[in-house]
Amino acid sequence: MRAVSQFQSVFSFLTLSARVALAADLTNLPSALQSFSADIFPDLKTIAVDVWNHPEIGLSEHHAHDLVVDYFSQKDEWKVTPHAYGLRTAWKLETEFRPPATPPKAKLPVIGFLAEYDGLIGIGHACGHNHILLNGLAAAILTKRALVHFGTPAKIVVVGTPDEENTGSKYLLNQSGAFDGVDVWLMAHPTSANAIQPMNARINALTRFVGANHTDVVRKAYEALVLVRDQVAGAQGVPGTLSSVVAVEDVGMFASNIVQSQISLGISGTTVDAVTQLVSSILDDTYPGVTFVASEDTTSSAPSTNVNLTVFGPGGHSSENTKSPLVLTIETFRALTSSTPTTPKGPVAFYLPGNTTSPVLDITFNIRTRYTHDLAAVLSFVENLVSPISSSITTDTPYPALEVTPFLPQIFQSIMSQPLYGSQAFPISTFAPASTDASWIQDAEVDPLTNALVRAGKIVFHPNFSICDPNGGICAFNHEPRFRDVAGTEYSYAQTEKIARGLADLAVRLLDDHELMRNATAILRG
């Protein structure tokens, strides 16, 4: 109950009846930030649009890196570090404001902003990281303008973090000390709905199958896929809370956190009509937006009497765990091997069209669970299922869960509810829609029995905000190809401008009011 009363006390801070008087009168802070934004936002939006037009996958974001470095190198008040902490596409920006009365060696309060700018393979900025970049840069500059305007001494740090999607560069940056000396880090992520919510824990099990020949390895891999699907859907389910296991076939253009929008499975020893009839009987409305085409495979490298089954879908985020094109081919494999091992044309065999010779096939199992302490158990669950069939299993860098820290969400809700910020609601949710490597910065400690957040290494505030126009137009969820188009609309940039002002408002109040900062950081260990 003590935590609840602390949250309730937050709402008085905007009315100047807070527990302690602010060092500056911030009554006009929202209008001041709006005025500053009219001046600085257009140039920053130009950078974000350029990044959207020229998407670069993780650790290859050289163009985005150079755009930011070149822009801030022309601003005398900012210290710019390109290629920061040994990563070619990371960067760091630093600035501070010391009013004349501030002692030269006085320790300043400090706050940090996080920026991301990597795209997704094949679908560009379908996660909207151009907006995370824009939000981080705009919020930082707005905060600096407000500090000078209101005479508040403080320091601001911005870290550009490449490759959030795959390798988790924040883990590497954290190991290199990139976030040392800053207790509070702010960022915001575009999506399809406003929410302040946790993010789940994630790890990828990179699984290799080896067969006597190509058709043998395809059968082995699909047998493993059937086994995992059965156990995930079984009575015991997957260990942990809200856990999921989503498979990705490592063929062609793929990424572990993207639902593949096209999958092809070759079937020999059957007919086009037989496959069409079978797949049509499996496909129902539980497969959202999925279609298929079965055609005779006439490629010279394919076996005789064969059918190319190609399945199409809308794609999406692996965390959604929807019935995808790959799932439809798995269920087709199940139907052809469990009840009728032969067809009128003979024994059934399987192959990958266009790749009929390789005896090796890799499958990535994208594993997610709500709490970090359950991740090892879910990984072991998958390993125990597929290790008897597979040749090897390796894992990538895990992403811990990101928890919602207390105090800041309520302040942000109050800020964003004001008319100058669009009178927006930001509900606090317990649902974790995806994962983030910002969790490495937070380093949350959660009670394994109650799942309550106990301590954190850093405060990371990570609201998700909608860039879908409520008055119509396109809308989609992250990693769906259509979300790339959403992330390029004028509405999306206008919404990011409001969120950047909201985060700047939050930052200024924390830097200006030491008691607010103490309350916000009370959960830090040590």
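What is the volume of the second largest pocket? About 390 Å³, and the legends below start from there. This is a predicted model, in which local features need pLDDT of at least 70 and side-chain atom pairs count only at pLDDT 80 or more, while totals for chains, interfaces and linings use all residues. Residues are numbered from 1 along each chain as its sequence is written, and side-chain values use heavy atoms, with hydrogens and water left out.

View 1. A pocket here is an open set of points on a 1 Å grid over the protein atoms alone, with protein on both sides within 12 Å along at least five of seven lines; lining residues have an atom within 4 Å of a point. Val251, Met253, Gln260, Ser261 and Gln262 are the closest to the centre, out of 22 lining residues. Strands E9 (258–259) and E10 (262–268) each supply at least two residues of this lining, and E10 gives the most, with three. (Strands, E, are DSSP runs of at least two residues and helices, H or I, of at least four, numbered from the N terminus.) By class, the lining has twelve nonpolar, nine polar and one charged residues; Ala, Val, Leu, Ile, Met, Phe, Trp, Tyr, Cys and Pro count as nonpolar, Asp, Glu, Lys and Arg as charged, and the others, Gly among them, as polar.

**View 2. The second largest cavity, with about 70 Å³ of space.** A cavity is a set of grid points where a 1.4 Å probe fits but cannot get out, and its volume is the space filled by probe spheres set on the points, which are joined across faces, edges and corners. Three cavities of 30 Å³ or more are counted.

**View 3. Helix H7 (residues 272–282) packed with helix H8 (residues 325–338).** Their axes lie 10 Å apart, at an angle of about 115 degrees; axes are lines fitted to C-alpha atoms over the stretch in contact, and angles run from 0 to 180 degrees between N-to-C directions. H7 brings Leu278, Val279 and Ile282 to the contact (heavy atoms within 4.5 Å), and H8 brings Leu328, Glu331, Thr332, Ala335 and Leu336. Six of these residues are nonpolar, one is polar and one is charged.

**View 4. Confidence along the protein chain.** The mean pLDDT (the predictor's confidence in each residue, from 0 to 100) is 93. Confidence is lowest in helix H1 (residues 2–10), at a mean of 42, and highest in strand E5 (residues 184–186), at 99.
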